[in-house]
Amino acid sequence: MKLVYTGKTKNVYALDNGNYLLKFKDDCTGKDGVFDPGENSVGLTIEGVGDVNLRMSIYFFEKINAAGIRTHYVSADLKDTTMEVLPAKVFGKGLEVICRLRAVGSFLRRYGEYVEDGAALPSYVETTFKNDAKGDPLVTEDALVALGVMSHEQYADIRDMTQKITKIVADEMAARGLELYDIKFEYGYDADGKVMLIDEIASGNMRVYKDGAYVDPMTLSTLFFA
């Protein structure tokens with residue numbers, strides 16, 4: 001294996017078969033030793049977080065693949081905390097896609113004059129560039145096309161896939177007495193330009209509540225697999 005990328009929470013290796021291997025770490029984003037999925041730098045290490053992130057990713061990738069939605073997931077090895085994935089090119093220098101079911105977080109900070117805290121949203125999809133220095137700025141569909149990052153057709157696929165995947169995750173949470181408020185995804189595309197879900201689907205990428213109270217990611221993983 002050849003190390004090709006060192007990330008905040010995962011390392012990426014090239015495999016001889018043309019695929020890639022993601023090695024999940026116990027490093028977490030945060031600040032001053034406090035876990036925060038919204039932070040852009042590693043703030044602490046929590047033993048076992050890589051394992052639970054991989055477990056949740058396996059669970060959802062298998063469900064999403066079974067639903068006929070394209071992902072990069074091939075297989076995983078829990079013993080080594082690794083996941084084999086198909087090659088995919090990222091959009092631009094990295095793009096995050098958020099689906100919001102309730103008005104919280106940065107959405108509420110931006111639009112609080114127009115919406116109440118926790119108000120229901122209609123599976124609202126937004127995109128942000130991955131840029132730590134600029135605070136992951138919002139970017140519209142027209143801007144993405146004008147900048148040559150993607151086509152209108154690719155954006156339409158991403159929006160449709162995001163809403164379908166979010167429903168899968170939300171339904172699984174609801175079955176456990178939990179409510180999904182929002183979730184963050186990443187997408188890439190193959191040699192033919194076809195969009196696929198990439199990266200991971202872990203508790204640190206979603207905001208979940210139980211009985212109106214926020215559930216932190218490690219507690220969420222425990223409740224989910226209880």
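Buried residues, meaning those under 20% relative accessible area with a 1.4 Å probe and protein chains only, make up 45% of the 226 residues in the chain. This is a predicted model, in which local features need pLDDT of at least 70 and side-chain atom pairs count only at pLDDT 80 or more, while totals for chains, interfaces and linings use all residues. Residues are numbered from 1 along each chain as its sequence is written, and side-chain values use heavy atoms, with hydrogens and water left out.

The chain holds five helices and 16 strands, which are DSSP runs numbered from the N terminus, with at least four residues (H or I) for a helix and at least two (E) for a strand. Its radius of gyration, taken over C-alpha atoms, is 17 Å, and this agrees with the value near 17 Å for a compact globule of 226 residues. The C-alpha atoms fill a box of roughly 55 × 45 × 35 Å along the principal axes.

Asp136 lies in the loop between strand 11 (120-129) and strand 12 (138-139), and it counts as buried because its relative accessibility is 17%. The table lists two distances that involve Asp136.

Notes:
Rg over C-alpha atoms; globule rule 2.2 N^0.38 Å. Buried < 20%, exposed > 50% of the residue type's maximum accessible area, 1.4 Å probe, protein only. Polar contact = N/O pair within 3.5 Å; in protein donor to acceptor, adjacent residues only side chain to side chain.
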